[in-house]
Amino acid sequence: MIRSPLMTVMTDAVMKAARSLKRDFGEVENLQVSRKGPGDFVSAADRKAEQILREALEKSRPGYGFIMEEQGVIEGADKSHCWHIDPLDGTTNFLHGLPHFAISVGLEREGQIVAGVIYDPIKDELFIAEKGKGAFVNNRRLRVSARRDLVDALIICGLPHINRGDHRQFFRELAAIMPLCGGMRRSGSAALDMAYVACGRADGFWERNLHSWDMAAGLILLREAGGYVSNAEGGADIFGAKSVVCGNEYIYRELLKLLKA
Ligand code: IPD
Ligand code: CA
Ligand code: CA
Ligand code: CA
């Protein structure tokens, strides 16, 4: 598979940041950790990886803006391009030595996400997608699952954090969905959750209280893999609503129906 110049820029930046994350994961007990809010941690590993991504992307694509989880918004001279960056999606897993986390980088052009990279450095899985060019994991083409019935489906959910999100609403949604589906998971990395739906390892996923950096790369992966995706109300404004529901066509429709009931 021949990578486009844009994909090369994105994957080079991500692989460089991944080397730093992997080193830090090996010494996780010595990392400096602070709490941004209850249950919301950030470590030196997140910050270092984000800085590496920022420097690499700025060098290759000067002027593009940034929306980053740790450094926030940086306006660029080029108003039509913006990177959405989560340097470490799954910080809680990472800090507990649980090897399930990823780097997620999405590119917005003229208000549309046009490219995304999600990399799991532990499993060495590189998920990439570009608008109109398909989605791939380690050069293998991705396709969402073909399961039609919720009773056979594996569904991933996200949980609201302490002081963030409506726990009662979450339990209402869980009570509506869980008894009807084949299995449920919660992984701790929204980016990988979306990538797993894109490659058919799971049939659907929903979560509220997410940010653009959690979802941007996952969105383009899903769309390019033939998935259906919207906010939890069925609308197109996913970043504004801060929620996502996705799946193959059939499971997406079932999930949305239950979420809206
Ligand atoms: C978190 C993960 C998690 C999701 C949280 C996110 P972080 O991102 O994606 O799966 O449930 O809502 O904040 O903080 O580890 O980058
Ligand atoms: Ca975080
Ligand atoms: Ca995240
Ligand atoms: Ca993060």
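These legends describe close-up views of one predicted model.

**Figure 1. Overview of the chain.**
The model is predicted. The chain holds eight helices and 15 strands. Its radius of gyration is 17 Å, close to the 18 Å that the globule rule gives for 261 residues, so the chain is as compact as a globular protein of that length. The C-alpha trace spans about 50 × 40 × 30 Å along its principal axes. Of the 261 residues, 46% count as buried. Among contacts with a separation of 6 or more, 64% come from residues 24 or more positions apart.

Helix H1 covers residues 5–26. At 1.5 Å a residue, its 22 residues should span 32 Å, and the end C-alpha atoms are 32 Å apart, which agrees. The buried residues of H1 are Val9, Met10, Ala13, Val14, Ala17, Ala18, Ser20 and Leu21. They cover an arc of only 170° around the axis, which puts them on the same side of H1. The face turned away from the buried side carries exposed residues: Pro5, Thr8, Arg19, Arg23 and Gly26.

**Figure 2. The eight-stranded sheet.**
This open sheet has the strand order E4-E3-E5-E6-E7-E8-E9-E10. Pairing is mixed. Strand E4 (72–74) and E10 stand at the edges, each with a single partner strand, so one side of each is left without a neighbour in the sheet. Within the sheet, strand E8 (residues 125–130) pairs with E9 in the antiparallel sense, over four bridges. Ile128 stands opposite Phe136 in E9. Helix H6 packs on the sheet, touching strand E3 (64–68), E5, E6, E7, E8 and E9. The direction of H6 makes about 100° with that of E7. H5 lies across E5, E6, E7, E8 and E9. H5 runs at about 100° to E7.

**Figure 3. The five-stranded sheet.**
This second open sheet has the order E12-E11-E13-E15-E14, again with mixed pairing. Its edge strands are E12 (183–185) and E14 (228–230), and each pairs on one side only. Neighbouring strands are turned by 15° against each other on average, direction ignored. Three bridges join E14 to strand E15 (residues 243–247), and the two run antiparallel. Tyr228 stands opposite Gly247 in E15. Helix H5 (residues 190–198) packs on this sheet, touching strand E11 (154–157), strand E13 (204–208) and E15. The direction of H5 makes about 155° with that of E13.

**Figure 4. Two asparagines with positive phi.**
Most residues other than glycine have a negative phi. Asn138 has a positive phi of about 45°, although it is not a glycine. Asn138 is found in the loop between strand E9 (134–137) and strand E10 (140–141). Asn138 has 11 C-beta neighbours inside 10 Å, so this residue counts as exposed. Asn209 also has a positive phi, of about 65°, and is not a glycine. Asn209 is found in the loop between E13 and helix H6 (212–224). With 16 other C-beta atoms within 10 Å, Asn209 is partly exposed.

Technical notes: Residues numbered from 1 in each chain as written. Chains lettered and ligands numbered in written order. Predicted model: local features only at pLDDT ≥ 70, side-chain atom pairs only at ≥ 80, totals over all residues. Expected span 1.5 Å × (residues − 1). Buried ≥ 20, exposed ≤ 12 C-beta atoms within 10 Å, placed from the backbone. Arc of directions from axis to C-beta. Pairing = 2+ DSSP bridges. Axes fitted to C-alpha atoms, helices over the stretch in contact; angles between N-to-C directions. Contact = placed C-beta atoms within 7 Å. Rg over C-alpha atoms; globule rule 2.2 N^0.38 Å.
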